[in-house]
Amino acid sequence: MRGGPFHVMKKLLIAFGLLFLAADSPQAIVKYRQTSMKAMGAHMSAISLVVKHQIASRADLAVHAEAIAGLSRSVGEWFPAGTGPDKVKSGAKAEIWRQMPELKRDAARLERESAKLVELAKKKDTKAFDAQYIVVANTCDDCHDVFRVRD
Ligand code: HEC
């Protein structure tokens, strides 16, 4: 049977299956971006407890900042066509797909500001880190103000 028509068909079916698997569904993409946003939110909340002096240890700050900085590099890619509110239930405004350069600019800003946060955490520059935390939080808010539906 090796090389026979059945074998070829099986190969084709496997290839087709892989192709099908490779295409992420719009629902999964929205779930992924919301989950990743929430992850950045959790890291920001953890940092805020330190900045507000409710937690004394600054040991994890670089790790939290690095997670945000790492994810920030992908934020601009989390909004492919077909994942807007006209297609999937989402907190993303339709404006995103009319103003993609602006969204990407906001994402690039987060990338820059969170990279600075990582540097300051590594330098253990407490005062500058705490000030930069506010800058990063404002960067999140600025994009949300324009592109995210208010809860
Ligand atoms: C470039 C724009 C942009 C930036 C920058 C941005 N966000 Fe978002 N964020 C969005 C959009 C748009 C949504 C709505 C996504 C959706 O529902 O599909 C969102 C949703 C969220 C959510 C809700 C997720 C859910 O469960 O529905 C949280 C939490 C969040 N962002 C936190 C953050 C934090 C923290 C930062 C900064 C570290 C940040 N975001 C930076 C655009 C941005």
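Colleague: Which hand is the crossing of α3 and α5, left or right?

Modeller: The crossing of α3 and α5 is left-handed. Keep in mind that this is a predicted model.

Colleague: At what angle do α3 and α5 cross?

Modeller: Roughly 160°, and their axes come within 8 Å. The cut-off for roughly antiparallel is over 145 degrees, so α3 and α5 are roughly antiparallel to each other.

Colleague: Which residues meet there?

Modeller: From α3, Leu61, Ala62, Ala65, Glu66, Ile68, Ala69 and Ser72. In α5 they meet Ala107, Leu110, Glu111, Ser114, Ala115, Leu117, Val118, Ala121 and Lys122. The contact of α3 with α5 has 11 nonpolar, 2 polar and 3 charged residues.

Colleague: And α2 against α3, what angle there?

Modeller: About 150°, with the axes 9 Å apart. That makes α2 roughly antiparallel to α3. α2 passes α3 in a left-handed crossing.

Colleague: Who makes that contact?

Modeller: On α2, Ser36, Ala39, Met40, His43, Met44, Ala46, Ile47 and Val50. On α3, Leu61, His64, Ala67, Ile68 and Leu71.

Colleague: Switching to the ligand. How many residues surround it?

Modeller: 24 residues. The closest are Met37, Gly41, Gly91, Cys140 and Cys143.

Colleague: Which helix gives the most to that shell?

Modeller: α2, with 8 residues. α2, α5 and α6 each supply at least two residues of the shell.

Colleague: Now the backbone. What is phi for His53?

Modeller: Near 60°. That is a positive value in a residue other than glycine. His53 sits in the loop between α2 and α3.

Colleague: Is His53 buried or exposed, and why?

Modeller: His53 counts as exposed because it has 8 C-beta neighbours inside 10 Å. The cut-off for exposed is 12 or fewer.

Colleague: What about phi of Lys124?

Modeller: Lys124 has a positive phi of about 60°, although it is not a glycine.

Colleague: Where does Lys124 lie?

Modeller: In the loop between α5 and α6. Lys124 is exposed, with 11 other C-beta atoms within 10 Å.

Definitions and conventions: Residues numbered from 1 in each chain as written. Predicted model: local features only at pLDDT ≥ 70, side-chain atom pairs only at ≥ 80, totals over all residues. Axes fitted to C-alpha atoms, helices over the stretch in contact; angles between N-to-C directions. Helix = DSSP H or I, 4+ residues; strand = E, 2+ residues; numbered from the N terminus. Parallel < 35°, antiparallel > 145°, perpendicular 65-115°, else oblique. Left-handed = near helix turned anticlockwise from the far one by under 90°. Contact = placed C-beta atoms within 7 Å. Near = placed C-beta within 6 Å. Buried ≥ 20, exposed ≤ 12 C-beta atoms within 10 Å, placed from the backbone. Nonpolar A, V, L, I, M, F, W, Y, C, P; charged D, E, K, R; others polar.
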